[in-house]
Every structure is written in structure tokens, then in C-alpha cells.
Amino acid sequence: MRSGHSHLRLHTCSPGLAEVLASLQSSMAWTPIQLCGVASLLCSALNLFGDLCYIDFYIAEMTLEGFGTINSVARPGNLFNFNESWPLQLSAASGWMYPIWAAATAYPLYIGLRGAGSWRCSLAPCALLVYGLCVVGGALHSGFGFSTILPQYLHSHRMSSTCAGHLHAAQAKVMDAYVFGYTPGPLAVIVASAWIAYVVVARKTRFPRWFVLFTPIVTMAWVAVGFLVLPDPWGMYFAGAFGTWILLVMNLASCAILWNVDEAVVSFRELRDEK
């Protein structure tokens, strides 16, 4: 009999308990904006690793006399041991995450710019930014891994000056093709960044106008100042990772501004109907 009363009491209280649990679950649920913020932070960390690894390799085995020119001698890396292959392999393999990073960057931007008017002020610059980031990930970031092969081979083998000259000439050809292949990516990112900055300043959006201070073009300016202020070679490490900083700063700012915005996932119909 007593157990029956207990069961009845628990059954009577269960609706209130269910409401509390439902409220707790909803409060713990992450919005799309918040998920994008976390994803972009993780992608930035992986990209920063690759940036620092590539810069360290460049300082160790290349020269500044020409982009990607092989140095006559190999020096130890300041951050990595290039006798081990995993740092460069991990850096070159990170291109897969750029579409994820691009989506995590573009979604909060689109939500913030959506009230600016036509799709030309919201969807178009975000789409251009996604295109640029995907090209940067595949052609620029992952592609640089191929430019490290000949320097490593030259510095790890004894060969005649004639053979070494052939490798230097081949490296120059590799770098020409590399630059030609990645150029559309950074250009698209720069144009999209200027486009977004203009919309924030000139149109009514969910972003305050001071958000323009966190867009990539402005970030590149203070990164250049950091290059001049920091001692050598750390200024080069800092400035060389500008690709990480321009996105990380904009990601943090956009997600912080929209963090508590309870925005549903944008449907394809909504994208289609935006005029």
C-alpha cells in the first residue's frame, strides 16, 4: 500500500519534473551560431598549426631572395623537427577542413547581414567568401606542402652542382604554378571582405558599425604592425599566420555579437525567396 502511494506521488510530480528537465535540456542546447563559433575556433587552431609549421620550414630551408627559393644549407626549425615527417604531412592534410571553416564563417555573417536588403548585400558576399576560402584551403594551404619536397630532398642528399641547379630550377617552376593556382582564392577573400565591410557601414544590419574593425582588411593592418613591432624572427611567424588571424578575429566578433540570437537554420526556400 505504501509503495502504491509513493508511485502515485511520483506520478503526480512527474509532469513538473518533466518541465524542469525539458527546460534544462533547452538551455543546454547549442544554437547554430554557437556551434559555428566552436567549429571556427577548432578550425582556426588547426590552421594556425599549419601556418606555424610552414613558416618554420620556410625559415629553416628556404630564403627570402625569391618566394620558395631553396637555401644553400638547411637550418634546424625553431618550432619543429623536420627530420620527422608528421608536422608537414599534418599541415598539408588540413585542406579538408576549409569547407567546414567556410560554412562556420559564412553562416553567422549571413544571419547578421540578412536584414541589409537584397541578396547582393548578404548572400552574395558570403558565397564569394566561401569560394575564396575553399580555394585557399586546397590550393594555397595544402598546396604549399608540395613546395617542401625538393628542398628536403636537396638537403638530405649529396649531389653535384649541376644536379642541384636542376632542382633549384624545378623549384622555381613549382612555385610559379603554385602561385598561379592559389591566386583566385585570396583575391576572392579580399573582395568579399571589402564587400562585407561596406554593407556593415552603409546598410542596416544586425552588426554594429564597429564590427568593420574586425573584418579581414582591418585585421591585416594590425597584423602588419605586429610584424614591425615583434623581434625577428617572431614577427615573421606572427605576420605569416595572417590567414588564421583574419578569420579567427571575424569569427569571434560575429559569433559574440549574435551569440544569444535564437536563429533557426536558414532554409533553402528562404535563400531562394530573398530578393
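The lining of the largest pocket divides into 23 nonpolar residues, six polar and one charged. Here Ala, Val, Leu, Ile, Met, Phe, Trp, Tyr, Cys and Pro count as nonpolar, Asp, Glu, Lys and Arg as charged, and the others, Gly among them, as polar. This is a predicted model, where local features need pLDDT of at least 70 and side-chain atom pairs count only at pLDDT 80 or more, while totals for chains, interfaces and linings use all residues. Residues are numbered from 1 along each chain as its sequence is written, and side-chain values use heavy atoms, with hydrogens and water left out.

Back to that pocket: it holds about 750 Å³ of space. Of its 30 lining residues, Asp51, Leu140, Gly240, Phe242 and Gly243 are the closest to the centre. A pocket is an open set of points on a 1 Å grid over the protein atoms alone, where a 1.4 Å probe fits, with protein on both sides within 12 Å along at least five of seven lines; lining residues have an atom within 4 Å of a point. The volume is the space filled by probe spheres set on the points, which are joined across faces, edges and corners.

Now for the aromatic rings. The whole structure has 16 aromatic pairs. Rings of Phe, Tyr and Trp (its six-membered ring) pair if their centres lie within 6.5 Å; planes under 30 degrees apart count as stacked, over 60 as edge-to-face and the rest as tilted.

Tryptophan 222 sits in helix α9 (residues 216–229) and phenylalanine 238 in helix α10 (residues 234–240), 16 residues apart. Helices are DSSP runs (H or I, at least four residues), numbered from the N terminus. Both phenylalanine 207 and phenylalanine 211 are buried, but tryptophan 222 is partly exposed at 35% relative accessibility. Buried means under 20% relative accessible area, exposed over 50%, and partly exposed in between (1.4 Å probe, protein chains only). Elsewhere, ring pairs link Tyr54, Tyr58, Phe67, Phe144, Tyr178 and Tyr182 into a cluster.

How far can you trust the model? The average pLDDT (the predictor's confidence in each residue, from 0 to 100) is 84, with 85% of the residues scoring at least 70. Confidence is highest in helix α2 (residues 32–61), at a mean of 94, and lowest in helix α12 (residues 268–273), at 42.

How values were computed:
Helices (H or I, at least four residues) and strands (E, at least two) are DSSP runs, numbered from the N terminus.
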